[in-house]
Amino acid sequence: MVSMVSRTGRHLQRYNKGCRQVVGCIPYRYKNDEKELEVLVISSQNGHGMLFPKGGWELDESLEEGASRESLEEAGVRGNVECKLGKWSFRSKRYDTIYEGYMFPLLVKEQLDSWPEKNVRSRRWMTVSEARDICQNWWMKEALDVLVHRLSPSQQSKEAVAPVLL
């Protein structure tokens, strides 16, 4: 059982020239002996639409720690936070302000039955195609595309034989 609660408030969150900085993950796993990629999406706080876990990056944590925390709080998953997918600037519909969003892949190792936001969010594993169709944020769709490209077998084989430049 998870004993922690979600962090609240914005007094410890990071801003860059007035832009709120947020961090999140695309939780993923493989089904069928590592042949089928699935990603985990969660419902938004207002229950309208699905997205990937993300939230404010706080002053007392690294980007990776913030991404891991958000995945635990919002989706109830733990795992390995991997190399950053990128940084996106976007306008918040809710607050009409510019945000900077950093996204990471999270290879899920554990899915909890109870987590801090279980009572306010639903979660669902789905194919990449389904997630692309259902995700409400364009920048998260772009991050998903980066993840899929990175995990594609042809990309992995290119990276394995790529020469090292000194």
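Helices (H or I, at least four residues) and strands (E, at least two) are DSSP runs, numbered from the N terminus.

**Figure 1. Overall fold of the predicted model.** The chain contains four helices and nine strands, arranged along the sequence as β-β-β-β-β-α-β-β-β-β-α-α-α. This is a predicted model, in which local features need pLDDT of at least 70, side-chain atom pairs count only at pLDDT 80 or more, and totals for chains, interfaces and linings use all residues. Residues are numbered from 1 along each chain as its sequence is written, and side-chain values use heavy atoms, with hydrogens and water left out.

**Figure 2. The largest nonpolar core.** A nonpolar core is a set of buried (under 20% relative accessible area, 1.4 Å probe, protein chains only) Ala, Val, Leu, Ile, Met, Phe, Trp, Tyr and Cys residues joined through side-chain atoms within 4.5 Å. The largest one has 39 residues, and Ile26, Val39, Phe52 and Met103 have the most contacts inside it. Strand β8 (residues 98-111) supplies the largest share, seven residues.

**Figure 3. The salt bridge between Glu61 and Arg69.** A salt bridge places a side-chain nitrogen of Lys or Arg within 4 Å of a carboxyl oxygen of Asp or Glu. In this pair the closest N and O atoms are 2.6 Å apart, and both residues are buried.

**Figure 4. The salt bridge between Glu74 and Arg121.** The two side chains meet at 3.2 Å, N to O. Glu74 belongs to helix α1 (residues 63-75), whereas Arg121 lies in the loop between β8 and β9 (123-127), 47 residues apart. Glu74 counts as buried at 6% relative accessibility, as does Arg121 at 8%.

How values were computed. Buried < 20%, exposed > 50% of the residue type's maximum accessible area, 1.4 Å probe, protein only.
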